[in-house]
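User: Could you walk me through this model? I'd like the overall picture and then some details.

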Amino acid sequence: MAAPALLLFGLFGLVPLVGVLVLSLSRWDGLGSIGWSGLANWTGVLTDDATWQALWLTLKVMVVSWLVQTPVSLALGLFQAPRGRLRAFFAVVWFLPLLLSAVAVGLTWQALLDPSFGIGAAPGLHWLAKPLLGSPDLALYTVIFVIAWQFVPFHALLYQAGVRQIPVSLYEAAAIDGAGPVTRLLRITLPQLKYTFVTSSTLMLVGSLTYFDLIYVLSGGTGGPGTATRVLPLAMYITGFQTHDMGRASALATLLVVFGLALSLLTTRVSGFTRMDSQQEGM
C-alpha cells in the first residue's frame, strides 16, 4: 500500500538530493559541461566567512521568529478558541495573510515601509518614516516581523484546535474546586497544549530554514543592505544563479538539508514527540 508513496518520494525527493550531492563535487556554471572538482567546493564553502555569516543569520531568524511567533500565536489561539461570531470574524481576518503569496506580501510590505511614501507618511506615524529595510541594524528584524505577520495565523490555528480538543470536564471540575481563569489557564490549558506546542515549534524552527522568497523580495534579491539579510537559502540562490557557481551552490544546498535534518531529529528527540499519546477525552 505504501509503495506508490515511497516511489514518488524516491523519485522527487531522494533522486534530486543525490543529484545535488553529486553537483556539490563538480564544477559547473549552469550552462557548460560539468567537470569533476572533488572536495574543492566543500573546502571553499566551509572556509568562507560568508557561509558562516549566512548560517548565523539563519539561526538568528529561526530563534527570534520562534520567540516572536510563539506567544502571539498562543494568545490568538486562546482568543479564537471559544465559539462566537465576533471571534470567528477575527479568526478569518487574521488568517488572510496566510492566503497571500510570499511575493505579494513582500511587495506590499516593501511599499508600506517605504520611508517617503509608506505608512510613515501618515499623520502621527512619522516615527516609522525610517529606512527599516535599508538599515543594516534593523533590516533583519523588519524581515522577521513580516515573516511573523504572515505565519502567525497558521500557528494560531493549531493552538485554537488544540484548545478546542481539551475535555470540558476538566474545566468543570476545576471550576467546582474554585479555580479561577488564571489557575485554569496555568494548570489545565497550557499543560494540555504541550503536544501542540511541540508540533508548532518544530514546524516553526524547521520552516525557518526555507524562508527565501519573502526575504528575496524584501531585500531586492541581494540579501541587503550589504549582507544583513542574506540567510543560507538566499546565499545558495545568489551563489548558483547570480555568480553562476552551481557546484558551491549545491554544497550550500546539501549543508542546508543536513542542518534541517539534524534540527528536526534533535527537536523530535528532545521533545519526546515519538512517545506522545492521545489526550482526547475517552482515549
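**Chain overview**

Analyst: Of the contacts in the protein chain between residues at least 6 apart in sequence, 68% join residues at least 24 apart. Please keep in mind that this is a predicted model.

User: How many helices and strands does the protein chain come to?

Analyst: The secondary structure comes to 12 helices and two strands, and read along the sequence the pattern is α-β-β-α-α-α-α-α-α-α-α-α-α-α. Taken along the principal axes, the C-alpha atoms fill a box of roughly 75 × 60 × 30 Å.

User: And what percentage of the residues is buried?

Analyst: Buried residues account for 36% of the 283 residues in the protein chain. The chain exposes about 16,200 Å², and carbon and sulfur atoms supply 71% of that area.

User: Which residues have the most contacts inside the largest nonpolar core?

Analyst: Those are Val61, Leu214 and Leu218, in a core of 20 residues. At least two residues of this core come from each of α3 (49-80), α5 (102-112), α6 (139-164), α10 (213-218) and α11 (232-241), and α6 gives the most, with five residues. There is also a second, separate core of 13 residues, which includes Val45, Met62, Leu205 and Ala251.

User: What is leucine 218 in contact with, leaving aside its neighbours within four places in sequence?

Analyst: With those neighbours set aside, leucine 218 is in contact with Gly106, Trp109, Gln110, Leu133, Val143 and Val146.

User: Changing topic, how many salt bridges does a search of the whole structure find?

Analyst: The search finds one salt bridge, formed by aspartate 48 with arginine 248, where the closest N and O atoms are 3.2 Å apart. This pair links distant parts of the chain, since aspartate 48 sits in the loop between α2 and α3 while arginine 248 belongs to helix α12 (residues 246-271), 200 residues apart.

User: Why do those two count as partly exposed?

Analyst: Aspartate 48 counts as partly exposed because its relative accessibility is 28%, and arginine 248 counts as partly exposed because its relative accessibility is 24%; the partly exposed class lies between under 20% for buried and over 50% for exposed.

User: Arginine 248 is also in contact with asparagine 41, so where does asparagine 41 lie?

Analyst: Asparagine 41 lies in helix α2 (residues 40-46), and at 8% relative accessibility it counts as buried. Leaving aside neighbours within four places in sequence, the contacts of asparagine 41 are Leu23, Ser24, Leu25, Ser26, Asp245, Gly247 and Arg248.

User: OK, aromatics next. How many aromatic pairs are there?

Analyst: The count comes to 12 aromatic pairs. One of them joins phenylalanine 79 and phenylalanine 90, whose ring centres are 6.2 Å apart and whose planes lie at 65°, so the pair is edge-to-face. Phenylalanine 79 lies in helix α3 and phenylalanine 90 in helix α4 (residues 85-99), so this pair ties together parts that are 11 residues apart in sequence.

User: Which residues do ring pairs link into a cluster there?

Analyst: Ring pairs link Phe79, Phe89, Phe90 and Trp94 into a cluster. Within it, phenylalanine 79 is partly exposed at 30% relative accessibility, as is phenylalanine 90 at 29%.

User: And which residues form a nonpolar patch on the surface?

Analyst: Leu8, Leu11, Phe12 and Val15 form such a patch, with about 430 Å² of accessible area together. Phenylalanine 12 is found in helix α1 (residues 3-23), and it counts as exposed because its relative accessibility is 62%.

User: Last one, backbone geometry: where is the cis peptide bond?

Analyst: The cis peptide bond joins glycine 224 and proline 225, with omega at about 5°, and proline 225 lies in the loop between α10 and α11. Histidine 244 deserves a look too, as a residue other than glycine with a positive phi, near 55°; histidine 244 is found in the loop between α11 and α12 and is partly exposed, with a relative accessible area of 47%.

Methods:
Residues are numbered from 1 along each chain as its sequence is written. This is a predicted model: local features need pLDDT of at least 70, side-chain atom pairs count only at pLDDT 80 or more; totals for chains, interfaces and linings use all residues. Side-chain values use heavy atoms; hydrogens and water are left out. Patches are made of residues with over 30% relative accessible area and no salt bridge: like charges are joined within 9 Å, nonpolar side chains (Val, Leu, Ile, Met, Phe, Trp, Tyr) within 5 Å. Accessible areas come from the Shrake-Rupley method with a 1.4 Å probe; for residues, only the protein chains shown count as cover. A salt bridge is a side-chain nitrogen of Lys or Arg within 4 Å of a carboxyl oxygen of Asp or Glu. Helices (H or I, at least four residues) and strands (E, at least two) are DSSP runs, numbered from the N terminus. Buried means under 20% relative accessible area, exposed over 50%, partly exposed in between (1.4 Å probe, protein chains only). A nonpolar core is a set of buried Ala, Val, Leu, Ile, Met, Phe, Trp, Tyr and Cys residues joined through side-chain atoms within 4.5 Å. Contact means heavy atoms within 4.5 Å. Rings of Phe, Tyr and Trp (its six-membered ring) pair if their centres lie within 6.5 Å; planes under 30 degrees apart count as stacked, over 60 as edge-to-face and the rest as tilted.
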